[in-house]
Amino acid sequence: MIDFRYHLVSLISVFLALAVGVVLGAGPLQNSLGTALNDQVTALRENRNATQTKLEQTEAAVNERDSYITQAASSLLPGTLDSKNVALVLLPEATSEDADAVTTQLRTAGATVTGRVSLTTTWVDLSRESYRSTFSGQIQGNLGGAGSKDANGILGEGLAKALTGNDDSSRALMDLLSVDTSGTPFVTVDSTPTAPAEMIVVVGPRPQAASAKGATVEASPGQDPKAWAKALAGTASRATTVVVGSADGDDNVVAVIRSEDAKVTTVDSVGQVAASVSTPLALASTQAGTVGHYGFDKGADAVMPPVTK
């Protein structure tokens, strides 16, 4: 059994250790510890200031780049799409801000945006795959023959004809796509088309933020991103079509189209001035017969489309 003397010795040892610590802290070690801490604080402050300076320089460079691209567009774009009618199509989660930016550059190129519609997740919802297959039969009946072999492609062809046609079957297609027959319609009309379009621009969403550096954002649960590639390939088979979106992640619309080798012209980096300016050029190039991929991300053939007038 531990006796009283053992406890006494333990207590004396503790107090001696404390006393030594106080003496050293107030004496020989005081200056060295204080100096070390001050040096660390100074270094951290300098690093913070350097990072802030770099951030400000980067922001200034980006603003200057965007100003340059915008000014260059005023020389490059006019006449590119003179008298062309363009329909605007927004994918789920695409922003009005990005759609408006694209619209501004289309007008600079001489085009008229005749109308704007939004697509719903019914196009890619896995739980509605059977419904899409059945519904495509009704769409095909108004197409006068479809080139696509799968339901998604047929639906995409139906969208193209609904936006570019001016006959009874085209109007019937828009009614079918926009009427809520089973849950959610395929299309909601944001701005009623004033005239048939000759070209179609599809605006996709910006990439979602990943939870960690290098992490890939997965597709929304219950959705098949590849369905967009098939549907928009069907749209592009009937009308000059450009998809402006993101290729940052494997499941982003532009990345999917490129990886699936779908015959659709794409422009990545949606939300940046460069993407908006490239869109009219991509339309003109596509109409001239070149299906290409433009931007800064994986799968791009060139930074910008060729200038054709």
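This is a predicted model: local features need pLDDT of at least 70, side-chain atom pairs count only at pLDDT 80 or more; totals for chains, interfaces and linings use all residues.
User: What does the side chain of Ser170 join up with through a polar contact?
Analyst: The side chain of Ser170 is joined to that of Asp167 by a polar contact of 2.6 Å.

User: And which residues does Ser170 touch beyond four places away in sequence?
Analyst: Once residues up to four places away in sequence are set aside, Ser170 touches Lys161, Ala162 and Gly165. Of these, Lys161 also belongs to the H5 residues that make the contact between H5 and H7.

User: OK, let's go to that pair, then. How do the axes of H5 and H7 cross?
Analyst: The axes of helix H5, residues 151–164, and helix H7, residues 226–238, come within 7 Å of each other and cross at roughly 45°. That angle is why H5 is described as oblique to H7, and the crossing in which H5 passes H7 is right-handed.

User: Which residues make the contact?
Analyst: On the H5 side the contact is made by Asn152, Gly153, Gly156, Glu157, Leu159, Ala160 and Lys161, while H7 contributes Ala227, Lys230, Ala231, Gly234, Thr235, Ser237 and Arg238.

User: How do those divide into nonpolar, polar and charged?
Analyst: The residues of the contact of H5 with H7 divide into four nonpolar, six polar and four charged.

User: What about Leu232, where is that one?
Analyst: Leu232 is found in helix H7, and it counts as buried because its relative accessibility is 2%.

User: Leaving aside neighbours within four places, what is Leu232 in contact with?
Analyst: With those neighbours left aside, Leu232 is in contact with Val202, Val243, Val253, Ile257 and Val264.

User: Zooming out, how many helices and strands does the chain have?
Analyst: The chain has nine helices and seven strands, and 39% of its 309 residues count as buried.

User: And what share of the contacts is between residues 24 or more positions apart?
Analyst: Among contacts in the chain with a separation of 6 or more, residues 24 or more positions apart account for 72%.

Conventions:
Residues are numbered from 1 along each chain as its sequence is written. Side-chain values use heavy atoms; hydrogens and water are left out. Axes are lines fitted to C-alpha atoms, for helices over the stretch in contact, and angles run from 0 to 180 degrees between N-to-C directions. Helices (H or I, at least four residues) and strands (E, at least two) are DSSP runs, numbered from the N terminus. Angles under 35 degrees count as roughly parallel, over 145 as roughly antiparallel, 65 to 115 as roughly perpendicular and the rest as oblique. A crossing is left-handed if the near helix is turned anticlockwise from the far one by less than a right angle, and right-handed if clockwise. Contact means heavy atoms within 4.5 Å. Ala, Val, Leu, Ile, Met, Phe, Trp, Tyr, Cys and Pro count as nonpolar, Asp, Glu, Lys and Arg as charged, and the others, Gly among them, as polar. A polar contact is a pair of N or O atoms within 3.5 Å; within protein, one must be able to donate a hydrogen and the other to accept it, and residues adjacent in sequence count only if both atoms are side-chain atoms. Buried means under 20% relative accessible area, exposed over 50%, partly exposed in between (1.4 Å probe, protein chains only).
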